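Hi,

Here is the structure I promised to pass on. Have a look at it first, and then read on for what turned up.

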Amino acid sequence: MSTPSRDPGPRAEDQRTEDRHGRYRPSSPLAPGAVAGSLRGLGTPTRPGAPLLGRAARPWLRWLPYALALAAVGTLLPVTVTVLIHDYGMNGALAGALATAQTAPLVSAVTRPLQSWWIIGAADVLGAVAALLTGLRDGLSWPWTPMGVVGYLLLMVALGLREPPRTLVAVWLLTGAAGLAFEPVSQGRGSGVAVLLFVLTGVVLVVTASLREGGEARRKLVEQESISEAERSRRTLLEERARIARELHDVVAHHMSVITVQAESAPYRITGLPDAAREEFTAIAGSARESLTEMRRLLSVLRSEGAEGERAPQPGLDRVQQLVEATVRAGVPAELSLPADPGAVPQAVDVSAYRIVQEALANVVRHAPGAPTRVSVTVSASGRWLTVLVVNGPADRVASPLESTGTGHGLVGMRERVRLTGGTLDTGPLPDGGFRVAARMPLRDEAAPPSAAEPGAAGEAAAPEEPEGTE
């Protein structure tokens, strides 16, 4: 059935995802959106000193910023040296030093862009001064060289993805101030590149800062969704446990009432009891009544606000037939196989078996409408285990999209009920597109030694028993 797809279950911390059939599949780095998601991570804030894309799942993506930085340095460095020597008339040593200072810090900008900006910014200013002192020819780009503009804009990309808006505004204003400071000195030699760099720097910083803010918003949204999912799963689990506790109240209360009646009537039914035995029976009856009172108080705590006490008796296997008939009336072809005489079934197991069948059939109606369904309840040959099996085929039509969210109580309730009885639960999709729910619950205490009439009872707990012909 499609039950598990609507149930977050108690394993909210599991990072795997579930498909519509309840199959868990890990998030794969080879998925089509993995690369795009990692690139979007450029805008995700990281701790100081951490590289861009440092949290990417794929190793090559983590090294991608370094590879791009090295490629930029390897391209800009020789070009800058050549241009400074041949076009700006600088000697080789000065040109090499300035070119290295203007380009090499791009590698460190992957982790510490602000520190790299101080180095590159100072080198650009010194390069403008050196070009002016060596005799700047007309027609050359000044105060910033073309290679300096390219390197500076690449630095702005790393800076905008890492630093807060206040720092970015300060960098942008200092860039404009540096260009403006050279205007009186240039005496008309400037080519407008200072204004161009000021504008382009602002554009790059705005775009990258927007990417960064968007990444931070997505990260916070994912964290909030994870917290909400965990809280929803925890709330669902607690609600289901409270529901089970309320249902088991009648079971325990019945046994406690029997103890009370037997203890109070024992002195009248058994003649010749000594006074000490009569006092002991009176104490037992009083303790039982006190326990019933405490149970009712506990039940009032578990009951939701405004909820009234359940007055109808708890259902059991004797009402499974009604469930199957109601499912057939809902349009689901269902078959039922019940033992003629299941024997003495503990009330907790009786209620749990009914609820498991009820939840399984309800999910067939919701998520696999029209699917042929088989319900089977069997008792092991040794009489120690009760097996409940619900198997449905593929749906003959698409389920209503209104049921896509579900209540999330399906597997939670089944797991809790089976765990309460000390049994096992097995659920999963079938190859033909259907679904299978199999629960096995003990009919008596497993710690009790097997009788001589049960030669195989000691090994029965190793594997669930199923009726012939089940899948």
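Before the first finding, one term: a polar contact is a pair of N or O atoms within 3.5 Å, and within protein one of them must be able to donate a hydrogen and the other to accept it. Keep in mind as well that this is a predicted model.

With that in hand, go to Thr103, which lies in helix α3, residues 92-103. Its side chain reaches the backbone oxygen of Ala99 at 2.7 Å. Is Thr103 buried or exposed? Thr103 has a relative accessible area of 3%, so it counts as buried. Leaving aside residues up to four places away in sequence, Thr103 touches Val73, Leu76, Leu77 and Thr80.

Now zoom out for a moment. The chain has 13 helices and seven strands, and 41% of its 471 residues count as buried. If you take the contacts in the chain with a separation of 6 or more, 70% of them come from residues 24 or more positions apart.

The next stop is a pair of helices. Two packed helices are described by the angle between their axes and the distance between the axes. For α5 (residues 113-133) and α6 (residues 146-160), the angle is about 160° and the axes are 10 Å apart. Angles over 145 degrees count as roughly antiparallel, and therefore α5 is roughly antiparallel to α6. The crossing of α5 past α6 is left-handed.

Which residues make the contact? On the α5 side they are Pro113, Leu114, Ser116, Trp117, Ile120 and Asp124. On the α6 side you'll find Gly148, Tyr152, Leu155, Met156, Ala158 and Leu159. Sorted by type, the residues of this contact are nine nonpolar, two polar and one charged.

While you're there, check the loop between α5 and α6, where Pro143 sits. Most peptide bonds are trans. The one from Trp142 to Pro143, though, is cis, with omega near 10°.

Last, jump to Ser380, in the loop between β4 (373-379) and β5 (385-392). How far is Ser380 from Leu443, in sequence and in space? They are 63 residues apart in sequence and 9.6 Å apart in space, going from C-alpha to C-alpha.

Cheers

Key
Residues are numbered from 1 along each chain as its sequence is written. This is a predicted model: local features need pLDDT of at least 70, side-chain atom pairs count only at pLDDT 80 or more; totals for chains, interfaces and linings use all residues. Side-chain values use heavy atoms; hydrogens and water are left out. Axes are lines fitted to C-alpha atoms, for helices over the stretch in contact, and angles run from 0 to 180 degrees between N-to-C directions. Helices (H or I, at least four residues) and strands (E, at least two) are DSSP runs, numbered from the N terminus. Angles under 35 degrees count as roughly parallel, over 145 as roughly antiparallel, 65 to 115 as roughly perpendicular and the rest as oblique. A crossing is left-handed if the near helix is turned anticlockwise from the far one by less than a right angle, and right-handed if clockwise. Contact means heavy atoms within 4.5 Å. Ala, Val, Leu, Ile, Met, Phe, Trp, Tyr, Cys and Pro count as nonpolar, Asp, Glu, Lys and Arg as charged, and the others, Gly among them, as polar. Buried means under 20% relative accessible area, exposed over 50%, partly exposed in between (1.4 Å probe, protein chains only).
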